[in-house]
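Okay, everyone, thanks for making time. Let me put the structure up and walk you through it.

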Amino acid sequence: MSGLPSESLKGSSLHCDGAFEKALARAMKFCSQAEKCSFQVRRYLCRCRILSRCLSPEEIESVLDLLVEEGFVDDRRFAMAYASDKMRLFKWGSVKVRNSL
């Protein structure tokens, strides 16, 4: 992946150096465990204490944009997998699946 906007990150404390890259790596690992939607990834990044203090909301959105661009996050693919799993494993009907999304 090229073009990471690390130049725009000028963290005031030492632990913030490379925060964008750390957030991207953590989010990639999070997404590789199971299918995730953009809301789940955004919430995960905001709840990481160290990262949320070092990254602005715009930078978190930039991480998310890169994940979407690289195919780690796809809301449509998530919805299809979610619906399939709920219908197959839990015998949910289409109305219940639609309402849960």
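So, pLDDT is the predictor's confidence in each residue, and it runs from 0 to 100. I bring that up because this is a predicted model. For the protein chain the mean pLDDT is 87, with 85% of residues at 70 or more. One stretch to flag is residues 5-14, where pLDDT stays under 50. The model does have nine contacts there beyond four places in sequence. Still, where pLDDT is low, the predicted coordinates should not be read in detail.

Right, on to the helix packing. Two packed helices are described by the angle between their axes and the distance between those axes. Here, take α2, residues 38-47, and α4, residues 57-70: their axes come within 10 Å and cross at roughly 140°. Angles over 145 would count as roughly antiparallel, so α2 and α4 are oblique to each other. The crossing of α2 and α4 is right-handed.

Who's touching whom? From α2 you've got S38, V41, R42, L45 and C46, and from α4 it's I60, E61, V63, L64 and L67. Sorted by class, that α2 and α4 contact has seven nonpolar residues, two charged and one polar.

Okay, that's my tour. Over to you.

Notes
Residues are numbered from 1 along each chain as its sequence is written. This is a predicted model: local features need pLDDT of at least 70, side-chain atom pairs count only at pLDDT 80 or more; totals for chains, interfaces and linings use all residues. Side-chain values use heavy atoms; hydrogens and water are left out. Axes are lines fitted to C-alpha atoms, for helices over the stretch in contact, and angles run from 0 to 180 degrees between N-to-C directions. Helices (H or I, at least four residues) and strands (E, at least two) are DSSP runs, numbered from the N terminus. Angles under 35 degrees count as roughly parallel, over 145 as roughly antiparallel, 65 to 115 as roughly perpendicular and the rest as oblique. A crossing is left-handed if the near helix is turned anticlockwise from the far one by less than a right angle, and right-handed if clockwise. Contact means heavy atoms within 4.5 Å. Ala, Val, Leu, Ile, Met, Phe, Trp, Tyr, Cys and Pro count as nonpolar, Asp, Glu, Lys and Arg as charged, and the others, Gly among them, as polar.
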